[in-house]
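Here is a short briefing on one protein model.

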Amino acid sequence: MPITVDIDVMLAKRKMSVGELAERVGITPANLAVLKNGRAKAVRFTTLAALCEVLECQPGDLLRWETDGERETSRTGAGTGASGAS
């Protein structure tokens, strides 16, 4: 899927653990891990809104669309490693 989830980036910026975020959002750490690792097929808007509220960010800070070529480059570490630059 060409949607990349950047929850880990926001967690690092906010110096927050996955467990703390899960507790504050009201979801299980396992469900947050599924979302964070890009294995989720969907996300409820209420969950996305809660994530944004707790992390004090916008949905676009958590979700990003990439082409297949960008995804392959970021997985293999080839190129500059910068994503979303166009």
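**Helix α4 and its surroundings**

Glutamate 56 follows α4 and has a positive phi, near 50 degrees. The model is predicted. Helix α4 itself spans residues 45-55.

Buried side of α4
- Seven names make up the buried set of α4: Thr47, Leu48, Ala50, Leu51, Cys52, Val54 and Leu55.
- Helices are among the elements that cover these buried residues, including α1 (7-14), α2 (18-25), α3 (29-36) and α5 (59-62).
- Strand β2 (63-65) is also part of that cover.

Cysteines
- How many disulfides does the structure hold? The number is zero.
- A disulfide needs the two sulfur atoms within 2.5 Å.
- Cysteine 52 counts as buried because its relative accessibility is 10%.
- Cysteine 57 counts as buried too, at 9% relative accessibility.
- The cut-off behind both calls is under 20% relative accessible area.

Threonine 28
- Where does threonine 28 lie? Threonine 28 sits in the loop between α2 and α3.
- Threonine 28 has a relative accessible area of 40%, so it is partly exposed.
- From threonine 28 to valine 18 the C-alpha to C-alpha distance is 9.7 Å, and the two are 10 residues apart in sequence.

Note on methods
Residues numbered from 1 in each chain as written. Predicted model: local features only at pLDDT ≥ 70, side-chain atom pairs only at ≥ 80, totals over all residues. Heavy atoms only, no water. Buried < 20%, exposed > 50% of the residue type's maximum accessible area, 1.4 Å probe, protein only. Helix = DSSP H or I, 4+ residues; strand = E, 2+ residues; numbered from the N terminus. Contact = heavy atoms within 4.5 Å.
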